[in-house]
Amino acid sequence: MEKAILVGLSITNIVDSQKSMAELASLAEACQVEVIDQMIQRADSPTANYYIGPGKVEELKQLCATLEADLVIFDDELSPSHIRNLEKKLDIKVIDRTILILDIFASRAKTKEAMLQVLLAQSQYMLPRVVGLHSSFSRQKSGTGSKGPGEQQIELDRRILRDNISRLKDELKELVAIRRTQRQKRLKDGVFTVALAGYTNAGKSSLLNQLLSFSVLKADKLVFEKNMLFATLETSTRSITLLNNHQFLVTDTVGFISRLPHHLVEAFKSTLEEIKEASLILHVVDTSNPDYEKQIQVVEEVLRSIDVVDIPIMYVFNKIDLCPEKNIENHHPHVKVSAFTGEGVDQLVLKIDEMISSTYRRVKMIIPFQKGSIYNTLKEKCEIYSTEYLEDGTHVEVLLPEELYQRFLPYIK
Ligand SMILES: Nc1nc2c(ncn2[C@@H]2O[C@H](COP(=O)(O)OP(=O)(O)OP(=O)(O)O)[C@@H](O)[C@H]2O)c(=O)[nH]1
Ligand SMILES: [Mg+2]
């Protein structure tokens, strides 16, 4: 295991910086890096040369030597020149928060789409930073103003990266098109879709698995849930059919984190589109986390940044088994659940079903006897309140989704 020292600036208040450093430590852990020490400097802003002050850099160099660290991790996205200056000064590998997050995403990506998305984000992050990789070469630059071997190398690397980026974008475009067609079909069919959004590790995947237990059709597989950051990278959609035949889809999505690198948000935009077209967003919150209010803000910021507007949001205060007493007053509408014990999930399902029903129409129909297949469709897909067999056909009182309402219009009284 590599040994790392974490470094952060405390610009506003020290408590927030400590929390942020704790999160950085768990990101490092997720990358199999052992954190051996940390250093926080209070300052108004980063310095131009070394991000931290000159005195602090010397102190850090000492610390690295004493503790025999393998790398230093900064709790921010460093500029290309910061990385270059720091590596030169400290003579040790320097990485930042963004690289850590990108590394975790890279190690978790399984589907082709996720892999392409991560590669794209990595390449975009690397593009302005290739200089750093070859700083030793560029120092050999000849004095005549012509380009030295280092700079030629840099240009070549940049070109390769740029080519890569456009190739990845093209490949992703194709996958996006497929995803869009699938979504459009769902929209056309008028299927109610629920998207799970929330901070990483909040319990989105666990909640989806709990919701699946309410489905009368048990065809769908459970999704992967685990106590680790970014367990889910790929969106997966499952279908749920309730006892009253009401059907909806639930989509599990990638978790968010404070200061999510914007290249990642960009690269994952197509995946996040799923959230934008949902009928309802469940914002899943880890209520047991002391910092959950801050996490709610982060999630809301990301949702705004991908232009989520006009979609009803319901807060799901999860992990309530760990903090049953917690008072949640200022987020509406909300439900309290435990995706672990299952407590409260029935209430959530009721609320989802209420929303589904509110888009349905309660009608009376007369179905001629020779149209038996219509009645079968109703039995399969709808909640039927009453059935009477009279001379002119089967009289049914039923709750119809829009699509069936349009289809069966001639038989509606
Ligand atoms: N005690 C308790 N643990 C829970 C609850 N819900 C989820 N967990 C645990 O929290 C961890 C994360 O759960 P996931 O469902 O993987 O979380 P996620 O939001 O999908 O996380 P990412 O996919 O990594 O963003 C797992 O270890 C779950 O067992 C809950 O209600 N109570
Ligand atoms: Mg998950």
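A residue counts as buried when its relative accessible area is under 20%. By that cut-off, both S205 and T232 are buried in this predicted model. These two residues are also the protein donors of the magnesium ion, ligand 2. Ligand 1 has a shell of 23 residues around it.

**The magnesium ion**
- S205 belongs to helix α9, whereas T232 sits in the loop between α9 and β6 (236-241), so the pair ties together parts 27 residues apart in sequence.

**The shell around ligand 1**
- The closest residues are G203, K204, S206, A231 and D321.
- By class, the shell holds 8 nonpolar, 10 polar and 5 charged residues.
- Helix α9, spanning residues 204-212, gives the most to this shell, with 3 residues.

**Polar contacts of ligand 1**
- The side chain of N318 places a polar atom 3.0 Å from an oxygen atom of ligand 1.
- For T200, an N or O atom of the side chain is 3.1 Å from a ligand 1 oxygen.
- A202 takes part through its backbone, where a polar atom is 3.2 Å from an oxygen atom of the ligand.
- On its own, ligand 1 has 650 Å² of accessible area, and the protein covers 91% of that.

**Domains**
- The domain assignment gives domain 1 (2-108), domain 2 (117-174), domain 3 (190-357) and domain 4 (361-411).
- The centres of domain 1 and domain 4, taken over C-alpha atoms, are 65 Å apart.

Notes:
Residues are numbered from 1 along each chain as its sequence is written. Chains are lettered from A and ligands numbered from 1 in the order in which they are written. This is a predicted model: local features need pLDDT of at least 70, side-chain atom pairs count only at pLDDT 80 or more; totals for chains, interfaces and linings use all residues. Side-chain values use heavy atoms; hydrogens and water are left out. A residue is near a molecule or strand if one of its heavy atoms lies within 4 Å of it. A polar contact is a pair of N or O atoms within 3.5 Å; within protein, one must be able to donate a hydrogen and the other to accept it, and residues adjacent in sequence count only if both atoms are side-chain atoms. Accessible areas come from the Shrake-Rupley method with a 1.4 Å probe; for residues, only the protein chains shown count as cover. Helices (H or I, at least four residues) and strands (E, at least two) are DSSP runs, numbered from the N terminus. Ala, Val, Leu, Ile, Met, Phe, Trp, Tyr, Cys and Pro count as nonpolar, Asp, Glu, Lys and Arg as charged, and the others, Gly among them, as polar. Domain bounds come from an automatic or database domain assignment. Donors are N, O and S atoms within 2.8 Å of the metal (3.2 Å for Na, K and Ca); water is not among the atoms, so sites may look incomplete. Buried means under 20% relative accessible area, exposed over 50%, partly exposed in between (1.4 Å probe, protein chains only).
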